[in-house]
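Please read the following note with the structure open beside you, and follow each point in the viewer as you go.

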Amino acid sequence: MTITSTEFKKRFTPLLEKMDSTELEHLLPRLSPLEIAEGEQLLKMGEHSDSLYLLWEGQLSVEITGPGQTLHLVLIDEGKWVGEYCLIEPGPASATVRASRESKLLKLSSEDLDQYHREYPGGAAAMIRALSLDIAGRIRSVGRSVLSHVGDSEYRLKKESLREDRGFLAFMGKLFGAEEGKH
Amino acid sequence: MSIGDYPEGHLFTEEGKYGNAMYLVIEGEVSVTQRNPEGNGSRLLKKIGPGEVFGLIALIDHGSRSATCQAAGPTRIASLPQSAFSLLYRLHAHLAYRFQYLVARQLVRDARNVNRILYEAVRKEKKSNLSDDLPSIYTEYRVD
């Protein structure tokens with residue numbers, strides 16, 4: 001896995017808006033490469049995590065598990081990422097993520113990000129901003145189109161959104177896996 | 001950032017309108033409401049208290065306000081307009097990072113909350129064949 005600025009920029013363009021080349025050069029060494037085999041689990045739903053995983057190569061599968069049931073949601077392709085919620089606020093992973101193909105990833109933990117921001121606060125702010133834009137967009141689109149409010153704190157899925165909106169499952173995937181969703 | 005005292009009923013954000021400031025509650029409570037799609041009135045989504053921020057999403061993505069935020073009683077609120085945020089961002093990178101991080105963390109909390117709501121809604125709906133619908137939609141989704 002050769003991680004160069006050029007190769008990184010090609011894959012993760014949305015992340016790099018407002019980040020200059022020096023900031024990027026100093027971000028790369030803080031990313032930890034890892035490889036996982038097909039079928040191997042990266043994240044387990046409910047387990048504590050504190051890292052963002054950028055998908056350099058391969059493919060990931062996102063699923064949510066309930067009592068006696070596993071629901072496959074979406075696939076994640078190269079150039080996307082999972083785990084940004086846990087990077088920003090470490091906590092339980094909201095879905096199970098496994099490799100649907102042999103995959104190469106770059107990991108950034110909240111500790112790594114903290115250290116990076118001390119030296120390159122502009123770069124760190126740029127990255128957080130890019131992730132925030134993504135999250136904000138998802139909250140906005142899913143909140144309105146998928147849920148209808150039934151009394152205080154009671155929500156029901158809009159049935160019509162299931163049939164007419166092919167993107168419904170994309171929404172679900174985005175929110176559950178979520179940070180792991182197909183963008 | 002400017003701090004002010006606002007009486008009950010004061011409107012900070014209006015659903016559907018463009019806004020360019022974000023707010024931090026110092027004292028008091030703010031009601032967050034959304035119009036009912038059917039057109040009859042609005043519903044309360046949540047109440048925001050001291051230490052919490054609101055008006056975030058529109059500040060970041062320059063979209064229209066997704067909800068109406070109104071003082072639920074006497075309040076003391078700090079507001080930060082977009083222009084000041086942009087200036088801060090350019091001049092003080094450390095501060096920009098800290099602020100951006102605060103915004104991101106609030107978004108993550110909101111998103112996790114929507115996650116939870118969706119998850120519960122899905123579980124409830126299983127009685128009405130939703131779990132049958134989902135895999136078939138997934139299959140449909142996968143065919144491209």
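1. In this predicted model, the count of aromatic pairs over all chains comes to nine. A pair of aromatic rings is described by two quantities, namely the distance of the centres and the angle of the planes. For Phe12(A) and Trp56(A), the ring centres are 6.3 Å apart and the planes stand at 40°, so this pair is classed as tilted.

2. Where in chain A do the two partners lie? Phe12(A) belongs to the loop between α1 (5–11) and α2 (21–27), while Trp56(A) is part of strand β4 (residues 51–66), so the pair ties together parts of chain A that are 44 residues apart in sequence. Both Phe12(A) and Trp56(A) are buried.

3. Turning to chain B, one aromatic cluster is formed by Tyr6(B), Phe12(B), Tyr23(B) and Phe54(B). Chain B contains four helices and eight strands, and, read from the N terminus on, its elements follow the order β-β-β-β-β-β-α-β-β-α-α-α. Of its 144 residues, 47% count as buried. Among contacts in chain B between residues at least 6 apart in sequence, 72% join residues at least 24 apart.

4. Four strands of chain B make up an open sheet, in the order β2-β7-β4-β5, and their pairing is antiparallel. The edges are taken by β2 (11–13) and β5 (42–48), each of which has a single partner strand, so one side of each is left without a neighbour in the sheet. On average, neighbouring strands of this sheet are turned by 30° against each other, with direction ignored.

5. Within that sheet, strand β4 (residues 30–35) of chain B pairs with strand β7 (residues 68–71) of chain B in the antiparallel sense, over four bridges. As one example to locate in the viewer, Thr33(B) has Thr68(B) in β7(B) as its bridge partner.

6. Is Arg112(B) buried or exposed? Its relative accessibility is 19%, and because the cut-off for buried is under 20%, Arg112(B) counts as buried. Leaving aside residues up to four places away in sequence, Arg112(B) touches Tyr85(A), Cys86(A), Glu89(A), Gly91(A) and Pro92(A). With Glu89(A) there is also a polar contact, in which the side chain of Arg112(B) reaches the backbone oxygen of Glu89(A) at 3.0 Å.

Key: Residues numbered from 1 in each chain as written. Chains lettered and ligands numbered in written order. Predicted model: local features only at pLDDT ≥ 70, side-chain atom pairs only at ≥ 80, totals over all residues. Heavy atoms only, no water. Buried < 20%, exposed > 50% of the residue type's maximum accessible area, 1.4 Å probe, protein only. Contact = heavy atoms within 4.5 Å. Polar contact = N/O pair within 3.5 Å; in protein donor to acceptor, adjacent residues only side chain to side chain. Pairing = 2+ DSSP bridges. Helix = DSSP H or I, 4+ residues; strand = E, 2+ residues; numbered from the N terminus. Axes fitted to C-alpha atoms, helices over the stretch in contact; angles between N-to-C directions. Phe/Tyr/Trp six-rings, centres within 6.5 Å; stacked < 30°, edge-to-face > 60°.
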